[in-house]
Protein chains: 2
Amino acid sequence: MTALLAEPAMPSEFDLIQRFFTRPAANTVLGVGDDAALLQVSPGKMLAVSSDMLVAGRHFLPDADPYLLGHKTLAVNLSDLAAMGAKPRWATLALALPEVNETWLAAFSRGFFDLADRFAVSLVGGDTTRGPLNLCVTILGETDARALRRDAALVGDDIWVSGDLGGAALGLAHLTGEITLNAVAAAACLTRLHQPEPRVALGLALAQLPRVAAIDISDGLLADLGHILERSSVGAEIELIAVPAHSALHSLLPGSVLARRCLLAGGDDYELCFCAPVEDAPSVLAAAAAAGVAVHRIGRIGSNLGLRVIGQDGQQLQIQERGFDHFAN
Amino acid sequence: MTALLAEPAMPSEFDLIQRFFTRPAANTVLGVGDDAALLQVSPGKMLAVSSDMLVAGRHFLPDADPYLLGHKTLAVNLSDLAAMGAKPRWATLALALPEVNETWLAAFSRGFFDLADRFAVSLVGGDTTRGPLNLCVTILGETDARALRRDAALVGDDIWVSGDLGGAALGLAHLTGEITLNAVAAAACLTRLHQPEPRVALGLALAQLPRVAAIDISDGLLADLGHILERSSVGAEIELIAVPAHSALHSLLPGSVLARRCLLAGGDDYELCFCAPVEDAPSVLAAAAAAGVAVHRIGRIGSNLGLRVIGQDGQQLQIQERGFDHFAN
């Protein structure tokens, strides 16, 4: 597309794509370089599609490490497919860049492709343009009829969480100066914030179970579990003590408002929250073991709408913490 | 994903998606509202995928009419599928918005959906976030083995162009004050600039022919035909007089540098440039007639690499005009 102010041009857009984003694409009839990529979805599979946009100054600092940013840009999209129980296969990447910084682009593309290679994801298309730094990925995967939908939770289901929560949010609190962590805790939490690990293997294993509802925790446990409840027209009760906390939170809990906020409303952990029938608990544990991820039961789906958090004293907590919404501030 | 500075939030991201971008999605197993959409590609079809990003101040003025912007955001993506000969089916839309302006969003979504409805395209997912205005669409379509690839041109092929060229670029020159058009010409050219018509029916009809190489003209005829030549490892000669010019250019041609630049290097026309065997010319004309679009033969593919433009005197023109590149200025 033409810029508003056309000027004599050099073919650098194509150079950029060629140099940094063109690689032999497996499982692809036609990859980068035509008007569209051509892909062959496996027979009998459905296509799972999701898009996420990351904005400088909003989702990351403008001086963020480009390698880590390349990782995270793809990771948050892989996490969406994990939460569907879909196998990632292809991605497109659209970039708006304030300038052509080859060092930055080289590091960003390494971070992107290092993660893509781990999950056998092919970059099949995209767009580069000048503009305020903005990274938009569309991820494409395959699944069958047993995808992990948000609307599949039923009354009586166990509620589970993978890994542990709050580390990324605590890392963000450290970055913004709200708290000062020691070096070890800071490193651990910043890794959670900058290099989230999408739970793709767990999602795929859970999709083998008869019925699992799932979401990835990107905006905070309460907000994201809330989406399952809303879509499934059910309620839930969770036990605060059962919610697995990142180790750096342990010294703050219980009682710290910050720690509780990180645990219940901290985004960016990209763990899975999912619901499954009680009788399938052994299968859930086996799926988690096969995927190499810890899972914890944190509560139960009920018929009373709404989400209640029960404290150690058995009393319902008054919860002020809510998840992150992109237009709230 | 969490913002860098978390604040208490209202669920307005979900309100926005619900209010402006959620509609019953045909041909979709699961649409907006889960971690990913689930789509069923037709048996025997390949998936065609393309992403385009539009940036405020770069591809459109910040005060651009939001209805027309909604149209163009989808149209430029549909044009990519037209150039593949693919049938559009689904789209995702990621938006970064500087503020929540409901009037703007309502008009934008109307423009988007009015065009989507015409082509039976379902919006199946997306993302909204706060940030400098940025619109990113990924379009998904279906095609079979006879997609219109850029690398399919062979020596001896006719080179064709649909519709006429230069109107959008002349409209831009009017907008920027480089020229002042009369009211009739200005209206016609600005419609070309703001409301391009993707040549989907022509692309689908051409895909029924045995071998057609195609591209859509988004960066200018010379640049875009150049991509076919490069990918096909061939050269070409075109006749200036044969290139169909928008009616508003006629009063300027021949001789006007501006008119020639609009014709040969003007972007945003979103016509198709395509190459087909000479013996298929009757089939090309029949396909164009069926699609209701005029087509013109402008030259021929040759074995000498490079692109030559021949003037009315039979002499090769010295061409300064080049297409638009997104990092050249």
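**Close-up views of a predicted model**

**View 1. Strands β7 and β11 of chain A pair in this predicted model.** Strand β7 (residues 158–162) and strand β11 (residues 295–302) of chain A are joined by 5 bridges. The two strands run antiparallel. A:W160 stands opposite A:R297 of β11(A). Strands of a sheet pair through backbone hydrogen bonds, either parallel or antiparallel.

**View 2. An open sheet of 6 strands in chain A.** The order is β8-β10-β7-β11-β9-β12, and the pairing is mixed. β8 (213–216) and β12 (306–310) of chain A are the edge strands, each pairing on one side only. On average, neighbouring strands of this sheet are turned by 25° against each other, direction ignored.

**View 3. Helix α2 of chain A.** This helix covers residues 66–82, 17 residues in total. From first C-alpha to last, α2(A) reaches 24 Å, close to the 24 Å expected at 1.5 Å a residue. Of its 17 residues, 15 are buried, so α2(A) is largely enclosed by the rest of the structure. At the start of α2(A), look for A:D65: one of its side-chain oxygens comes to within 2.7 Å of the backbone nitrogen of A:Y67.

**View 4. A:D268, a residue with positive phi.** Most residues other than glycine have a negative phi. A:D268 is not glycine, yet its phi is near 70°. A:D268 lies in the loop between α9 (257–265) and β10 (272–276) of chain A. A:D268 is buried, with a relative accessible area of 3%.

**View 5. B:Y270, a residue with positive phi.** The phi of B:Y270 is about 55°, although B:Y270 is not a glycine. The loop between α9 (257–265) and β10 (272–276) of chain B holds B:Y270. With a relative accessible area of 2%, B:Y270 is buried.

Terms used:
Residues numbered from 1 in each chain as written. Chains lettered and ligands numbered in written order. Predicted model: local features only at pLDDT ≥ 70, side-chain atom pairs only at ≥ 80, totals over all residues. Heavy atoms only, no water. Pairing = 2+ DSSP bridges. Helix = DSSP H or I, 4+ residues; strand = E, 2+ residues; numbered from the N terminus. Axes fitted to C-alpha atoms, helices over the stretch in contact; angles between N-to-C directions. Expected span 1.5 Å × (residues − 1). Buried < 20%, exposed > 50% of the residue type's maximum accessible area, 1.4 Å probe, protein only. Polar contact = N/O pair within 3.5 Å; in protein donor to acceptor, adjacent residues only side chain to side chain.
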